[in-house]
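Here are my notes on the structure below. They are set out as numbered points, one topic to each.

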Amino acid sequence: MTQMTFARAINSGLRKSLENDPKVILMGEDIGALGGVFRVTDGLQKDFGKHRVVDTPLAESGIIGTAVGLAYRGYRPVVEIQFDGFIYPAFDQIVSQVAKMHYRTQGAVKMPITIRVPFGGGIGSPEHHSESPEAYFTHTSGLRVISVSNPQDAYTMIQQAIASDDPVLYFEPKRRYHDKGEVDESVDPGSALSMEKARVVAEGKDVTLVAYGPLVKTARDAALAAADEGVSVEVIDLRSLAPLDFSTLEASVRKTGRLVITHEAAQSGGLGAEVAASITERCFYHLEAAPVRVTGFDVPYPYSKLEMHHLPGLDRILDGVDRALGRPNSLSGLEG
Amino acid sequence: MFTDDAGKGGISAGGPGNSDDSTRRTGGDLLQLITPEGERISHPEFDSWLQDVSDEQLGSLYEDMVVIRRIDAEATALQRQGELALWPPLLGQEASQIGSARALREDDFVFPSYRDNGVAYCRGVKVEDLVRAWRGSASAGWDPFTVNVATQQIIIGSQSLHATGYAMGIQNDGADCVAVAYFGDGATSEGDVNEAMVFAASFQAPVVFFCQNNHWAISEPVRLQSHIQLADRASGFGIPSMRVDGNDVLAVMAATRIALDRARHGGGPTFIEAVTYRMGPHTTADDPTRYRDANELEDWAAKDPIARLKSLLDRKGLLTAELEAAVAAKADAVAAELRAGTINMPDPAPLDIFKHVYSTPNSWLDRQQDHYSRYLASFGDPAEAATEEGAR
Ligand SMILES: Cc1ncc(C[n+]2csc(CCOP(=O)(O)OP(=O)(O)O)c2C)c(N)n1
């Protein structure tokens, strides 16, 4: 076990993958000498050479499109999109090509491409640097979408993503990059909990609180605060956003009867809507109350002096928990 | 595919075609009117575009360059003091920005990138508006239509398409103004910039592509973006280009005037590569020592655009104590204005977050706003809800 930051844990996982498989190749803007703007690829070009860790021209569609060609050729490209808001120039290549190639060719062509995306807000950045674009991708069949919430998962799940024969979007919560945690580097990613599975990070019996990525920590803190008030919250880290692990979610909701989902992304058409609808379909008779969403607003990600209002914080999550439990809350007395 | 340093097969930019120092390209083909030593060189074609530039105007170009350098330094200091979240310095690019912006007519329309604060200043953007977005107090610093400058673009290269579309509009309207897109060397790799050149050429739109080749796109040298000179790329699209010394304010001004004149008279787009150098970091969050050689910096310091114009003024006997004092006083005043404007900038109100998402009311959002205002009210003191908590 070693204490390391989130960013370091991903670096270490990338290193393992580069060592274990000569077909793994890293590509992106500024990932070489600079080590990426967040230093996630720090030192890798020095150790593996410029043909394994490639600084690309400044062109996102080019980065993903050439990764498609490399995958055709048997490589396993791991690309870095520098910030969430810069994935849109590559959107066409991701949703029209990467996602559909296996289906289109009836399985003949695999797209083992991992797309690393530092995402989410909370770091006081200018516009286009704090987006949560995951729902665009969970809506597209053929893509796997995961989001990591702690250094140990970051370390194992990046290796699982790279080993996957399917394309994987790997969303990294950038405001957690400097958080430290224990990482066991001897864990074999093949026998670790699969990236497809959700994990119960705190057991509880009154309400199920679902989070992923940056908000798992906030959700855990909220559960601790709720416990002080005698409310027992079960916290689930989704880990995989597509496909969703409904068995873990269903088991929890059957137990608690109440569901709160939180994410930074805007509410409408977001992942919370999918979780709420699917759980309602599956567990309708076990639900004691309508599912509650505590999310970002349906606004463009705001400038930094307002982002603390947009991001679900501990108090807003607790208010949502109160709503699910029918306890006094900010909307008490309102219908619907 | 290229070969890597060791000559082993593989992918990397490098190899025989471009492994040299990119400054090699700043050779004799650069259009230059003032030498780094401040000597005025005459040029038959370019000089005719500068006949009206009086001694007084030379002094005012000097003033503008000194003032924007000072704005840049003050903003960098404000960032270090925690008053701004981030700042992208333009140190070294003063001649490119002032020389080109001063060539524009008031009704021309500029589409800039985040680094073009000198251009914006020159167009009349108020200094505190230059930092509004970097402070996190607004998404955009100014109303584009009051100064004919679009808000600064962060998505690399996007604005080149906007400029082209604006130019197509100018053309439809039968007007003779021009749209100008400012972008960096790295931007030329993006699809948007290439598509902008396709449209501009197809429609012969009155647009000027003003590329400041400052040699670096964050940590990536210009040779990673292109194996040929950037100016030469334009010819592939059927767009004429010029490559000018971007640290020479007169060369930049003349080239921009030529391009503007061509556009005004139906001659279509022009691509200008202003060869300059970013002397500072990419932004205040960047550490250029990780990727950049100190010698390179020294070489470029010797070509400083302000020192160069100052030497020219000196040679012409125009660098009087009065001029120096007036310029220094102006720079002091602008810096003080910027500092006061920044520090006194009011914070937005919490519910501002819902403003301007749509131009007409939207029931989904109205409901969210109503719920959030009830949430804030549940704290009694709304300031309590506005903690940093959301970001924890
Ligand atoms: C689409 C997109 N991709 C990546 C980035 C991140 N980024 C910001 S500035 C920059 C380098 C731009 O270099 P260049 O175009 O040469 O302009 P300069 O910064 O040198 O003025 C990069 C990669 C971005 N803002 N937008």
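**Notes on the two-chain model**

1. A polar contact of 2.5 Å joins the side chains of Y277(B) and E296(B). The term means a pair of N or O atoms within 3.5 Å; within protein, one must be able to donate a hydrogen and the other to accept it, and residues adjacent in sequence count only if both atoms are side-chain atoms.

2. Basis. This is a predicted model: local features need pLDDT of at least 70, side-chain atom pairs count only at pLDDT 80 or more, and totals for chains, interfaces and linings use all residues. Residues are numbered from 1 along each chain as its sequence is written, chains are lettered from A and ligands numbered from 1 in the order in which they are written, and side-chain values use heavy atoms, with hydrogens and water left out.

3. Setting of Y277(B). This residue sits in the loop between β7 (270-275) and α12 (294-301) of chain B. Helices (H or I, at least four residues) and strands (E, at least two) are DSSP runs, numbered from the N terminus. Y277(B) counts as buried because its relative accessibility is 0%. Buried means under 20% relative accessible area, exposed over 50%, partly exposed in between (1.4 Å probe, protein chains only).

4. Neighbours of Y277(B). Setting aside residues within four places in sequence, its contacts include L91(B), N213(B), H215(B), W216(B), R292(B), E296(B) and W300(B). Contact means heavy atoms within 4.5 Å. W216(B) is 61 residues away along the chain, yet the two C-alpha atoms are separated by 7.9 Å.

5. Interface size. How many residues of chain B are in contact with chain A? The count is 61 residues of chain B against 56 residues of chain A. The area buried between the chains is about 4,900 Å², and carbon and sulfur atoms give 60% of that. Buried area is the accessible area (1.4 Å probe) that two parts lose on being put together, summed over both.

6. Interface pairs. Two salt bridges are counted between chain B and chain A. A salt bridge is a side-chain nitrogen of Lys or Arg within 4 Å of a carboxyl oxygen of Asp or Glu. D42(A) forms a salt bridge with R290(B), with the closest N and O atoms 3.2 Å apart.

7. Chain B's side. The elements giving two or more residues to the side that touches chain A are α5 (127-135), α9 (222-225) and α15 (363-377) of chain B. α15(B) has the largest share, 10 residues.

8. Helix α12 of chain A. It covers residues 314-325. Its 12 residues should span 16 Å at 1.5 Å a residue, and the end C-alpha atoms are 16 Å apart, which agrees. The expected span is 1.5 Å times one less than the number of residues. The helix is mostly covered, with 10 of its 12 residues buried. Among them are L314(A), I317(A), D319(A) and L325(A). Just after the helix, G326(A) takes a positive phi of about 70°.

9. Backbone points to check. Most residues other than glycine have a negative phi, and most peptide bonds are trans. Q106(A) has a positive phi near 50°. Its loop runs between α5 (101-104) and β5 (114-119) of chain A, and Q106(A) is exposed, with a relative accessible area of 76%. H128(A) also has a positive phi, about 75°, in the loop between β5 and α6 (134-138) of chain A. The peptide bond from A242(A) to P243(A) is cis, with omega near -5°. P243(A) lies in the loop between β12 (240-242) and α9 (246-256) of chain A.
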